[in-house]
Amino acid sequence: MSSPYPVLVVGAGPVGLTAATELLRRGVSVRCVDRAAAPSPLSKALLVWPRTLEILRRLGGGNHVAERAMPLRAFRYYSSGAPVGSLEFRPVDQPVIMPQPDVEAALLDAFGQAGGGVEWSTRLLALEQHRDRVTATLAGPDGEPYTADFAYLVGADGASSTVRELLGISFEGLTYPNTFVVADAEMEGDLAHDDSHYFCSPRGVLVTCGLPNGRFRVFTSAPPDLPRDGVTLEQVQQLVDERGPGGLTLRNPTWVSAFSVHARHAERTREGRVFLVGDAAHIHSPAGGQGLNTGVGDAYNLSWKLALAHRGLAGEQVLDSVQAERGQVAEAIVKQADLQTRAWMLPRPAQRAVRDALLRAASAVRLGDLWYVPWLAGFRTVYRDPAGGRPRRAGGFTTGALVGDREVWDVRASRRSGLRQALGDLRHTLLVVADGGALPAAALRAAEAAAGRYGELLEVRVLDTAAAELRDGRPGRLRPAQARRRGRTPALVLVRPDQHVALAVPADRPEPLLEHLAALGAGVRAGEPAAAR
């Protein structure tokens, strides 16, 4: 049964705006509040990876990406001033430099186009959960408290989350002993503007990268005695001179700040009808530039599931996977960020020598370019089956993995595009995968039954891998293809709205797929069998 209450999103940064926009796109009413009076002008996060760019474009932020993002060519690593390795980006996994205010502007525009608007200067004071709703106490710009009911509440309110505090959820982890300094400024020197440079030295680490406005971001570890309040550009310049290649001069800063780096995660990210996403759920070192990207991924994963539950198209159990799936991603990212941060600041010469040798070897064989970068780009995530065991594979698809973006001829759009781009994201897609060969009768019956029974939940499309063609698979039009087998077993692949594979099964054994659809609790009449007969 659908809920009459809207969803409350607390926090209007990139994570909260992603959740709010996605919910509106999927037909769910939303209120988005933020205690700040307006968006922050500080650049904060910079690096946006390709999977996040895909999400921004789906939400409607493509024009902002085209106008404001600067493609990054490579990560370049140095030890005591000498080059030791690099990660070169291919077009498919190339990130961009797009400061957080520009990401927020893209999402604010998308949110507005979807019919939403942020309620600024609005604080969450308290919350109370009931069986079918959450009652929130809010205070708007006038400071007067009032209550309102919501179907669900999404806490996207950052590392100092009020939502997490009100739930009494602990934020476990550690704080690195080092203080770090960041500055955005003009910089003279012989550094490529569209590369990120990592200078490791016995004195500390220095990271520089160009910004789309012509300035540079400088990030460096600071001496223990450096006071955090009132850090000056002159102090940052001294650190740059000590750790950098020499010949770099900073001037006219727009932001100078000192801060601590944490590696923490919430004890749990769901309590009843309340969810934590982004920095409210986990924070980590900026190494690898994953923070904003992980938060946007959290919100994207949660929103389509919330929409199904809110609209009564799926049972509440659809929400059970959010904590496990995104916790898996956060755990991996915290580990790699911690490993990279510690590698930056190894204290012993022998340790630094081993690190440098490994970097040279990995760079020489392009190990990082071909394996690590696609993971950073967001393309290697495979959500684990909660039941355990190896992921199911069929027709070249892996359960839990992101659909590959092989080029296909999309009959519906009359153009070539990547498969992932061609698939819709407002519903599931039942992909009937053939290879120019005949489809088993069981597959045809199953696809017809699924289309008829779960029409609001999914659409059916046919992928002929032999012809690299994607066409519609409307009920009554699915027929055995002309027999022209090429060795690949036909398959039925259920693709989720976030383009991850929910389940991939051989076409002649469709029962697990139909049982999966029935388990979503969507559209099955009482007493109706899960599998097609």
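A salt bridge here is a side-chain nitrogen of Lys or Arg within 4 Å of a carboxyl oxygen of Asp or Glu. By that rule the structure, which is a predicted model, holds 39 salt bridges. This tour visits three of them, then turns to a phenylalanine.

**Stop 1: R203 and E242**

Select R203 and E242. Their closest N and O atoms are 3.8 Å apart, and the two residues form a salt bridge. R203 sits in the loop between β14 (195–201) and β15 (204–210), while E242 belongs to helix α6 (residues 233–243), so the pair ties together parts that are 39 residues apart in sequence. Now show the surface. R203 is exposed, at 57% relative accessibility, whereas E242 is partly exposed, with a relative accessible area of 30%.

**Stop 2: D320 and R270**

Next, select D320 and R270. Their side chains meet in a salt bridge, with 3.2 Å from N to O. This pair also links distant parts of the chain: D320 is in the loop between α7 (291–310) and α8 (321–344), R270 is in strand β18 (residues 270–271), and the two are 50 residues apart. D320 counts as exposed because its relative accessibility is 51% and the cut-off for exposed is over 50%. R270 is partly exposed, at a relative accessible area of 24%.

**Stop 3: R427 and E459**

Move on to R427 and E459, whose side chains form a salt bridge at 3.8 Å, N to O. Here the link runs from the loop between α11 (419–422) and β25 (428–434), which holds R427, to strand β26 (residues 458–464), which holds E459; the partners are 32 residues apart. R427 is partly exposed, with a relative accessible area of 33%. E459 is buried, at 15%.

**Stop 4: F75**

Finally, select F75 in strand β5 (residues 74–79). Is F75 buried or exposed? F75 is buried, with a relative accessible area of 2%.

Which residues does F75 touch, leaving out those up to four places away in sequence? Select L47, W49, G85, S86, L87, F89, S196, Y198 and L376 to display these contacts. For one of them, F89, draw a distance between C-alpha atoms: F75 and F89 are 14 residues apart along the chain, and their C-alpha atoms are separated by 8.4 Å.

Conventions:
Residues are numbered from 1 along each chain as its sequence is written. This is a predicted model: local features need pLDDT of at least 70, side-chain atom pairs count only at pLDDT 80 or more; totals for chains, interfaces and linings use all residues. Side-chain values use heavy atoms; hydrogens and water are left out. Helices (H or I, at least four residues) and strands (E, at least two) are DSSP runs, numbered from the N terminus. Buried means under 20% relative accessible area, exposed over 50%, partly exposed in between (1.4 Å probe, protein chains only). Contact means heavy atoms within 4.5 Å.
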